[in-house]
Amino acid sequence: MHDPDLRILALADAKVLPPQIQDPFDHWRIWKARDAVTTAVRRRMTNMELANNVILKVYLERLEQADNEETIFEGIYALAEVVEVYRQHLGMHSEYLVLIMAAHLNPWGLLSLQTNFEHPGASVLGAVHELWRLVGEHPIDVETTLKQIGYDETLVALDAYYANHPNKTKIK
């Protein structure tokens with residue numbers, strides 16, 4: 001099975017998708033960021049001292065129960081501050097949590113930074129799959145919509161990548 005065309009991320013980044021696609025995608029990626037951050041911290045809370053740490057548990061549970069975008073962002077940053085206090089025990093720091101969040105909130109930015117089109121990050125692929133799922137529910141002409149985007153180096157590089165890799169999935 002081929003991975004879907006990565007260029008669709010440019011549409012979400014440029015905010016040229018119709019609201020019935022853009023809005024659910026924006027909502028989806030915020031919740032994905034929350035889940036990724038909480039999962040990363042829970043994995044590091046393996047020793048008994050951390051597993052029973054009341055402060056860390058309270059902030060983690062607060063984030064897990066966050067039910068809107070504002071409380072999710074507040075929760076991620078608050079948890080990052082607590083993680084920084086327990087940095088030595090957790091083996092992670094607050095900047096790492098912010099990077100996890102950013103990778104899920106801005107998959108186009110991550111793809112632009114890494115430019116690894118052959119093996120994009122998991123958060124990039126997850127976002128691409130979600131966008132194509134939404135496009136399947138609310139069809140749009142992706143190729144035509146891509147033309148609405150001005151010059152973008154990553155988009156040009158992706159076009160060249162797909163031109164040089166004819167076996168890769170392309171927009172239909």
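User: What share of the contacts in the protein between residues at least 6 apart in sequence joins residues at least 24 apart?

Analyst: The share is 69%, among contacts between residues at least 6 apart in sequence. Contact here means heavy atoms within 4.5 Å. The model is predicted, with local features requiring pLDDT of at least 70 and side-chain atom pairs counting only at pLDDT 80 or more, whereas totals for chains, interfaces and linings use all residues. Residues are numbered from 1 along each chain as its sequence is written, and side-chain values use heavy atoms, with hydrogens and water left out.

User: What makes up the secondary structure of the protein?

Analyst: The protein has eleven helices and zero strands. Helices are DSSP runs of H or I with at least four residues, strands are runs of E with at least two, and both are numbered from the N terminus. The C-alpha trace spans about 55 × 30 × 30 Å along its principal axes, and 44% of the 172 residues count as buried.

User: How do you know that the length of helix H5 agrees with its number of residues?

Analyst: The expected span of a helix is 1.5 Å times one less than its number of residues. For the 17 residues of H5 (residues 69-85), that rule gives 24 Å, and the end C-alpha atoms are 25 Å apart, so the two values agree.

User: What caps the N-terminal end of H5?

Analyst: Asn68 does so, with a side-chain oxygen 3.1 Å from the backbone nitrogen of Glu70. A polar contact is a pair of N or O atoms within 3.5 Å; within protein, one must be able to donate a hydrogen and the other to accept it, and residues adjacent in sequence count only if both atoms are side-chain atoms.

User: Which helices do the buried residues of H5 pack against?

Analyst: They pack against helix H2 (19-44), helix H4 (54-64), helix H6 (87-90) and helix H7 (94-105). The buried residues of H5 include Ile72, Ile76, Leu79 and Val83.

User: Why are H5 and H7 called roughly antiparallel?

Analyst: The two helices pack at an angle of about 155°, with their axes 7 Å apart. Axes are lines fitted to C-alpha atoms, for helices over the stretch in contact, and angles run from 0 to 180 degrees between N-to-C directions. Angles under 35 degrees count as roughly parallel, over 145 as roughly antiparallel, 65 to 115 as roughly perpendicular and the rest as oblique. H5 and H7 are therefore roughly antiparallel to each other. Among the residues that make the contact are Phe73, Ile76 and Glu84 of H5, and Glu95, Val98 and Leu105 of H7.

User: What classes of residue make up the contact of H5 with H7?

Analyst: The contact has ten nonpolar, one polar and two charged residues. Ala, Val, Leu, Ile, Met, Phe, Trp, Tyr, Cys and Pro count as nonpolar, Asp, Glu, Lys and Arg as charged, and the others, Gly among them, as polar.

User: Why is Glu130 called buried?

Analyst: Buried means under 20% relative accessible area, exposed over 50%, and partly exposed in between (1.4 Å probe, protein chains only). Glu130 has a relative accessible area of 10%, so this residue is buried. Glu130 is placed in helix H9 (residues 122-137), and is in contact with Phe25 and Trp28 when neighbours within four places in sequence are left aside.

User: What makes the phi of Lys15 a point to mention?

Analyst: Lys15 has a positive phi of about 60° although it is not a glycine. Lys15 is found in the loop between helix H1 (8-14) and H2, and its relative accessibility of 46% is why Lys15 counts as partly exposed. Thr115 likewise has a positive phi, of about 50°, and is not a glycine. Thr115 sits in the loop between helix H8 (107-114) and H9.

User: Why does Ser112 count as partly exposed?

Analyst: Ser112 has a relative accessibility of 25%, and therefore counts as partly exposed. Ser112 lies in helix H8. Its C-alpha atom is separated by 9.7 Å from that of Asp152, 40 residues apart along the chain.
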